[in-house]
Amino acid sequence: MSASGRTSSATAPLARRRLLVGAAAGAAALTAGGCARGASTSAQPGTTSISNDNATWDDGYRAAGRELEKITGFALRPLSNPSVTSYQQVVQMTLQTSKASDLVKWASGYQLKRLARAGGLTDLTRVWEGYAAKGWVRGTSREAVSYRGKAFGIPLYESYYVLFYSKPVFRKLGLSAPGSWEQLLHCAEVLKRNGITPFLASQVGGWPAIEWFQELVSKVDPGFYGRLVAGEASYTDEPARQAMDIWHDFMRKGWMTPPDFDQARGPGALKEGTVGMFLHGTWQASGMSAAGMKPGTDYGAFILPTVRPSTSKSVIAESGVFVVPGRASSHEAAKANVGAWLTPSVQRVWSDFLQDSSANPTVRAGNPVVAELQRDIARNRRTALVRYWEASPPSLIQGNTNDLGGFMAGQTSPATTLRRMQERAHGEWAAWKRDEA
């Protein structure tokens with residue numbers, strides 16, 4: 001798909017069929033050649049294998065697995081594929097075969113619904129209900145792990161989208177974390193006046209283009225955001241137009257980095273004081289530590305204020321999931337481990353490794369910045385909104401993400417971008433509902 005991501009409703013079904021054929025061929029080749037780091041997916045006594053797309057988490061899985069082993073008798077054996085595209089292809093091709101791993105890391109929301117719709121996943125409803133009875137999951141997250149009323153995923157982690165900021169820079173300029181929209185604008189003006197780019201914004205890698213869109217739309221009207229991603233509102237409606245106009249104004253003022261600024265440079269830019277604020281998931285806290293920044297001393301974080309004081313407060317939440325293939329070679333062991341995954345002792349080790357928030361709301365983050373965000377969310381009773389990437393049919397999200405990237409690059413106006421996004425939404429929601437029938 002092009003940078004604009006534009007696909008007419010008439011050609012979309014054909015494009016999807018071609019994509020599936022190409023993915024199947026590519027996945028077959030990848031599976032034959034072997035694509036995961038580590039050992040085979042076949043059963044190994046005392047362990048359950050995990051397919052995942054992030055090798056940097058392998059040590060965390062192993063550490064959490066040692067805690068799981070005390071409870072279930074089974075450790076975790078990560079099998080990592082660093083290519084997200086090939087990872088997704090291989091998972092979908094092997095899910096209903098004997099080559100499936102015992103556990104699979106996947107995205108929640110519509111990404112999970114699409115996988116569940118294809119068949120081959122284990123119904124984890126009873127596991128979910130057991131956690132709910134103990135208060136170890138948030139009831140509001142049930143829909144994001146379910147398909148047609150059944151839970152097919154168990155939350156792997158919980159991250160929030162926040163603005164990290166440089167505490168030394170803010171102290172030097174007499175600024176503090178903004179609690180209102182007016183204070184946010186004041187911070188941006190002061191930073192810019194002192195030669196510091198106020199906000200990091202990027203489309204490198206494609207998906208980061210969603211971050212400012214989801215944030216601004218939800219802070220204009222969180223209820224509208226929920227209706228929009230559910231296909232019950234239009235991208236050309238006033239709240240979306242207002243959000244895009246704000247974003248466009250920020251870019252015109254020079255308040256944002258160029259769209260080709262790599263987010264991997266974000267922690268370093270905050271440390272150097274060349275960027276003041278960095279919008280990203282709280283999982284980025286580990287990146288701050290890797291850059292030598294101490295939480296609470298070198299950096300803090302806050303949730304973007306609402307555009308109007310009367311708007312209800314919300315936070316964009318992201319949660320990956322564990323799913324269990326029905327034909328996993330160590331199926332019962334895998335179910336035992338997902339059934340113990342949210343145990344506080346396991347989550348303490350896991351969340352400390354990630355330096356992020358646990359999916360178990362009773363476990364407080366070890367990172368003091370993230371812990372304070374958890375308190376803010378609870379104190380202000382913020383509504384947790386599903387991240388845009390998982391909130392609607394995948395084909396719609398991918399195309400719209402491309403459109404947002406084009407907007408960031410100055411290729412389209414706010415109005416044209418939203419019109420294209422709405423045209424795609426019309427066709428993709430119709431296609432999703434046809435496939436559901």
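With a relative accessibility of 0%, Val 324 counts as buried, a class defined as under 20% relative accessible area, against over 50% for exposed and partly exposed in between, using a 1.4 Å probe and protein chains only. The structure is a predicted model, in which local features need pLDDT of at least 70 and side-chain atom pairs count only at pLDDT 80 or more, whereas totals for chains, interfaces and linings use all residues. Residues are numbered from 1 along each chain as its sequence is written, and side-chain values use heavy atoms, with hydrogens and water left out.

Val 324 is placed in the loop between β12 (320-323) and α13 (331-340), where helices (H or I, at least four residues) and strands (E, at least two) are DSSP runs numbered from the N terminus. Leaving aside residues up to four places away in sequence, Val 324 touches Asp 102, Leu 103, Gly 120, Leu 121, Thr 122, Leu 124, His 331, Ala 334 and Val 338, contact being heavy atoms within 4.5 Å. Between Val 324 and Phe 152, 172 residues apart in sequence, the C-alpha to C-alpha distance is 7.9 Å.

The largest nonpolar core has 57 residues, and those with the most contacts inside it include Phe 213 and Trp 247; such a core is a set of buried Ala, Val, Leu, Ile, Met, Phe, Trp, Tyr and Cys residues joined through side-chain atoms within 4.5 Å. A second, separate core of 42 residues includes Ala 151, Ile 154, Tyr 157 and Val 321.

Helix α8 (residues 210-220) packs with α10 at an angle of about 125°, their axes lying 9 Å apart; axes are lines fitted to C-alpha atoms, for helices over the stretch in contact, and angles run from 0 to 180 degrees between N-to-C directions. The two helices α8 and α10 are therefore oblique to each other, given that angles under 35 degrees count as roughly parallel, over 145 as roughly antiparallel, 65 to 115 as roughly perpendicular and the rest as oblique. Among the residues of α8 that meet α10 are Trp 212, Phe 213 and Leu 216, and the α10 residues in this meeting include Met 244 and Trp 247.

The axes of helix α10 (residues 238-252) and helix α18 (residues 414-436) come within 9 Å and cross at roughly 135°, which makes α10 oblique to α18. Here Ala 240, Arg 241, Met 244, Asp 245 and His 248 of α10 meet Pro 414, Thr 417 and Leu 418 of α18.
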